[in-house]
Amino acid sequence: MQNIVVLTGAGISAESGINTFRDADGLWEGHDIMEVASPQGWKNDPELVLDFYNKRRSQLHTVTPNTAHLDLVTLEKQYKVTIITQNVDDLHERAGSTNVVHLHGELLKVRSQFDERIVLDWTEDLNLGDRCERNSQLRPHIVWFGEAVPMLDTAITITEQADVLIIIGTSMQVYPAAGLVQYAPPQTPIYFIDPNPAISPTKNLTILPEKATTGVAKVVDELMNVKQ
Ligand code: APR
């Protein structure tokens, strides 16, 4: 069975109603990214950071997967599919994808500030004073700028085994995620779906300069019609 690896960014969730990071005015929901997504920001104003992620988490309860998330699930009928997502939402899982790697963490999890191995499921607001069993403040389970990406080695190994790579809705500006494409074997066909595609030309690259919902439908249709 062929391996399909899908790398997704904020653009796949845009049509579900979640804003992307870099499409608007350089601000992220009204904030400088470093204010709300860096260890320094957390140190300076933890309340602001918690409030920011509480709003994102509560918004997540009001949105649903779109047809791009859903169409990717169809691929599992014929392929081994691994989704490597930069997104912290759970829309791939809710759509039904069974194999999702979150590179930048998950909104619906929190972790201990002092022991990152203590990770808890969390669906409601997180507040100052919410502590882990070791009595440390809990923080969002998000990989902030300047922090290591614990799932990176896993993502590299998966990408190295890709027979087909599909990249959806990412500005390819944030490393190391954007660098994953270099680990795909040289003969691997790459599909890039984004209305504003920013990718260096490479071998076997097909660009679909359109929204995720229409672009993913086309690519999935094509791949489901390949005889194996
Ligand atoms: N369908 C597909 N792509 C879309 C759509 C859509 N409907 N709407 C917008 N896009 C594209 C934009 O053209 C852009 O290329 O989605 C991309 C969004 O880019 P970013 O906002 O930079 O998001 P992303 O690439 O996921 O950001 C990477 O940056 O702040 C960090 O950790 C955060 O994971 C995030 C990382």
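Asn204 counts as partly exposed because its relative accessibility is 36%. This residue of the predicted model sits in the loop that links β8 and β9, and its phi is near 60 degrees, a positive value in a residue other than glycine. Asn135 also has a positive phi, near 70 degrees, and belongs to the loop between β5 (119–121) and β6. At 53% relative accessibility, Asn135 counts as exposed. Most residues other than glycine have a negative phi, and most peptide bonds are trans. A cis peptide bond runs from Tyr175 to Pro176, with omega near 10 degrees; Pro176 is part of the loop between β7 and β8.

| Site | Angle |
|---|---|
| Asn135 | phi near 70 degrees |
| Asn204 | phi near 60 degrees |
| Tyr175 to Pro176 | omega near 10 degrees |

**Strand β9**

Leu208 is a residue of strand β9 (residues 205–208). Its relative accessibility is 11%, so Leu208 counts as buried. Apart from neighbours within four places in sequence, Leu208 contacts Tyr191, Phe192, Ile193, Asp194, Gly215, Lys218 and Val219. Between the C-alpha atoms of Leu208 and Pro195, which are 13 residues apart along the chain, the separation is 7.6 Å.

**Nonpolar core**

The largest nonpolar core comprises 23 residues, and those with the most contacts inside it are Ile84, Leu103, Leu165, Ile167, Met172 and Leu180. Two or more residues each come from β1 (3–8), α7 (152–160), β7 (164–168) and β8 (190–193). The greatest contribution is that of α7, with four residues. Leu165, one of the residues with the most contacts inside the core, touches Val5, Val181, Ala184, Thr188, Pro189, Ile190 and Tyr191, residues up to four places away in sequence not being counted.

**Helices**

Helix α4 (residues 46–60) has 15 residues and reaches 21 Å from its first C-alpha to its last, close to the 21 Å expected at 1.5 Å a residue. Its buried residues are Val49, Leu50, Phe52, Tyr53, Asn54, Arg56, Arg57 and Leu60. The cover over these buried residues includes α2 (33–36), α3 (39–44), α6 (91–95), β4 (105–112) and β6 (138–142).

The axes of helix α5 (residues 67–74) and helix α8 (residues 212–224) come within 8 Å and cross at roughly 10 degrees; α5 and α8 are therefore roughly parallel to each other. On the α5 side, the contact involves Thr67, Ala68, Asp71, Leu72 and Thr74, and on the α8 side Ala212, Thr213, Val216, Ala217, Val220 and Met224. By class, seven residues of this contact are nonpolar, three are polar and one is charged.

Note on methods:
Residues numbered from 1 in each chain as written. Predicted model: local features only at pLDDT ≥ 70, side-chain atom pairs only at ≥ 80, totals over all residues. Heavy atoms only, no water. Axes fitted to C-alpha atoms, helices over the stretch in contact; angles between N-to-C directions. Parallel < 35°, antiparallel > 145°, perpendicular 65-115°, else oblique. Contact = heavy atoms within 4.5 Å. Nonpolar A, V, L, I, M, F, W, Y, C, P; charged D, E, K, R; others polar. Expected span 1.5 Å × (residues − 1). Buried < 20%, exposed > 50% of the residue type's maximum accessible area, 1.4 Å probe, protein only. Core = buried A, V, L, I, M, F, W, Y, C linked by side-chain atoms within 4.5 Å.
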